[in-house]
Amino acid sequence: MPDFWSLYTGGVLVREGIRENLYDYATQYQVLQSLIPGVTKQEFLPFLNPPFVALAYLPFSLFSPNSAYSLLLYFNAVLFLACWLLLYRWIPPTKKTFLCLFLLFYPPLYVTLAQGQNSVVLLLSIISSWLAFKKNRPFAAGCALAFLAVKPQLLFLPFVLLLWKRQWRALLGLFFVVALFSLISLLVVGWQGGIHYLQLLWGIAISSDHSGINPLFQPTLRGFFEIFL
C-alpha cells in the first residue's frame, strides 16, 4: 500500500480530534477501512511518523483521497524542483547534462512521487543544511537538519557527526527545532499519546519485524549487520 494512505490517515485522525489513540492500530485500521472499504490487515500500513507530521497532513485530509493525492504529488514535485534549483549552481558545468539525464531516468524518484512519500522533504532538509554550512551559518544548518525528525531514526547519525565535529551552534539549532516539534506533538496527542509513540518506537527498535518494517529489507546499517550476522 502506498505511503500516501498512512500519511492521509494520520491527517484524518488529527482532524477528527483523536489524540491518545493516534497510534492505536485498531483505530487507524478502522479509519482506513472507512476510506478504502475492503482493505485487509495485510495491506494495512500504519502511521508511524511523529504527531507533528500528522498535523502537517491535516490540510490534505480536508480533501477527498483522490484530490489529496494529486495535491501531494504536485507539492512533492515542486519541492523536488526547489531541491534541484538549490543544487544546480553548485554542479560543475561538465556534469549538468549527465545529472539531468540521470534524474530523468532514475526510477526511485518516480516511485517516491507515486507513493506519496515524504522523502523529498528529507532531501530538502539535507540540501538546505549543506548550503547553510557552506555559507557559515551553522545554527541555520542545524535548524534545517532538524526536519529529519520526520523520521526520527535519521537524526542519530547527524547528531553523532555534529557532536564529533563540535558544531555546537548547529547542535543548538537542531535541538531548538526538535524541541519545537516535540512541543507541537504534545499539543496534538497529549502526554499519553506521546508515551504511546515512544513505546511504538521502542517496539520497532527491538523487533525484527514490526508493523511491516523488516530490517533485513531496509537499506540501513542495522539491515546490513542483520544480513551479515
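Colleague: Hi! Is Phe98 buried or exposed?

Modeller: Phe98 counts as exposed, because its relative accessibility is 59%. The cut-offs are under 20% relative accessible area for buried and over 50% for exposed, with partly exposed in between (1.4 Å probe, protein chains only). Bear in mind that this is a predicted model, where local features need pLDDT of at least 70, side-chain atom pairs count only at pLDDT 80 or more, and totals for chains, interfaces and linings use all residues. Residues are numbered from 1 along each chain as its sequence is written, and side-chain values use heavy atoms, with hydrogens and water left out.

Colleague: Thanks! How many aromatic pairs are there?

Modeller: The count comes to 18 aromatic pairs. Rings of Phe, Tyr and Trp (its six-membered ring) pair if their centres lie within 6.5 Å; planes under 30 degrees apart count as stacked, over 60 as edge-to-face and the rest as tilted. One of them is Phe98 with Phe102, a stacked pair at 6.5 Å centre to centre and 20° between the planes.

Colleague: Where do Phe98 and Phe102 lie?

Modeller: Both are in helix α6 (residues 93-104), four residues apart, which is about one turn of the helix. Helices here are DSSP runs (H or I, at least four residues), numbered from the N terminus. Phe102 counts as partly exposed, at 40% relative accessibility.

Colleague: And what about Phe4 and Trp5, are they buried or exposed?

Modeller: Both Phe4 and Trp5 are buried. Their ring centres are 5.3 Å apart with the planes at 70°, so that pair is edge-to-face. Ring pairs also link Phe4, Trp5, Tyr8 and Tyr69 into a cluster.

Colleague: Nice. Which ring does the charged end of Lys96 sit over?

Modeller: That would be the ring of Tyr88, with the charged end of Lys96 4.2 Å from its centre. The rule is NZ of Lys or CZ of Arg within 6 Å of the ring centre and within 35 degrees of the ring normal.

Colleague: Switching to charges, how many salt bridges does the structure hold?

Modeller: It holds one salt bridge, meaning a side-chain nitrogen of Lys or Arg within 4 Å of a carboxyl oxygen of Asp or Glu. Glu16 forms it with Arg15, and the closest N and O atoms are 3.9 Å apart. Glu16 counts as partly exposed at 48% relative accessibility, and Arg15 is partly exposed too, at 39%.

Colleague: Let's do α8. How many residues has it?

Modeller: Helix α8 (residues 119-134) has 16 residues and reaches 23 Å from its first C-alpha to its last, close to the 22 Å expected at 1.5 Å a residue. That expected span is 1.5 Å times one less than the number of residues.

Colleague: What do its buried residues pack against?

Modeller: They pack against α5 (65-88), α7 (107-115) and α9 (138-145), where contact means heavy atoms within 4.5 Å. The buried residues of α8 include Val120, Leu122, Ile127 and Leu131.

Colleague: Where does Arg166 lie?

Modeller: Arg166 is in the loop between α10 (156-164) and α11 (168-206). Its phi is positive, about 55°, although Arg166 is not a glycine. At 62% relative accessibility, Arg166 counts as exposed.

Technical notes. Helices (H or I, at least four residues) and strands (E, at least two) are DSSP runs, numbered from the N terminus.
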